Amino acid sequence: MPDEQMAGAGSAPVPPGVAPGTPSVSSVPPRPLDPIDRSIMRLLQADGRASIRSVAEQVHVSRANAYARINRLIDDGVIRGFTARVNHERAGQGASAYITLKIVQNSWRTVREKLRELPGAAHIALVSGDFDVLLLVHTPDNRTLRELVLTRLQSIPEVLSTRTLLVFEETDLLAPGPGPSGPPSLTEE
């Protein structure tokens, strides 16, 4: 595999939080990140398809250095993967909502597993404050959203109450600037 292509591309998936051939990331103390590492992370958050050459030029390091740093960030579990940001409305999921849940004390793990199975669940967080869980969902329409909340969520025994906050408009703060996007993977241009 050429050095311009990301390590691990096409290899078997590794469980979350575990770098290939190393102990669990949680058992290894994190290495400090310097300004170049942070710049690389910002660039890849804005465009996960950026080439090694482009990243190297923008952070003013050699391609070999950029390649090594990106692989270290992946191996250390700092970068957990690369993904696409989806326009949910154009993808047929025109209704989005944040749903707050109050749950039975000490039932977080059980509830989290049931929420992961919900169609359209995009983000789940255990939080502090007036409610216990914040859930982001995307559904095709309000009828499907209503069904999800009134039938699926409220039938979970550990869920005491829910509150639905409809999303009217979203702004992606990590959206790349103007111009064409890069190639399909982190490769040489």
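Guide: Gladly! A salt bridge here means a side-chain nitrogen of Lys or Arg within 4 Å of a carboxyl oxygen of Asp or Glu. Please keep in mind that this is a predicted model: local features need pLDDT of at least 70, side-chain atom pairs count only at pLDDT 80 or more, and totals for chains, interfaces and linings use all residues. Residues are numbered from 1 along each chain as its sequence is written, and side-chain values use heavy atoms, with hydrogens and water left out.

Visitor: What makes Asp 37 and Arg 69 a salt bridge?

Guide: Their closest N and O atoms are 2.8 Å apart, and the cut-off is within 4 Å. Asp 37 sits in helix α1 and Arg 69 in helix α3, so the pair ties together parts 32 residues apart in sequence. Helices are DSSP runs of H or I with at least four residues, strands are E runs of at least two, and both are numbered from the N terminus.

Visitor: Why is Asp 37 called buried?

Guide: Buried means under 20% relative accessible area, exposed over 50%, and partly exposed in between (1.4 Å probe, protein chains only). Asp 37 has 1%, so Asp 37 is buried. Arg 69, at 12%, counts as buried too.

Visitor: Which other residue forms a salt bridge with Arg 69?

Guide: Asp 34 does, with the closest N and O atoms 3.0 Å apart. Asp 34 lies in the segment before α1, 35 residues from Arg 69. At 27% relative accessibility, Asp 34 counts as partly exposed. These residues belong to a network of salt bridges that links Arg 31, Asp 34, Asp 37, Arg 69, Arg 72 and Asp 76.

Visitor: Why is α2 called roughly perpendicular to α3?

Guide: Their axes come within 8 Å and cross at roughly 105°. Angles under 35 degrees count as roughly parallel, over 145 as roughly antiparallel, 65 to 115 as roughly perpendicular and the rest as oblique, so α2 is roughly perpendicular to α3. Axes are lines fitted to C-alpha atoms, for helices over the stretch in contact, and angles run from 0 to 180 degrees between N-to-C directions.

Visitor: How do you know that β1 pairs with β4?

Guide: Two strands pair if DSSP finds at least two bridges between them. For β1 and β4 there are 7 bridges, and the strands run antiparallel. Leu 101, for instance, stands opposite Thr 162 in β4.
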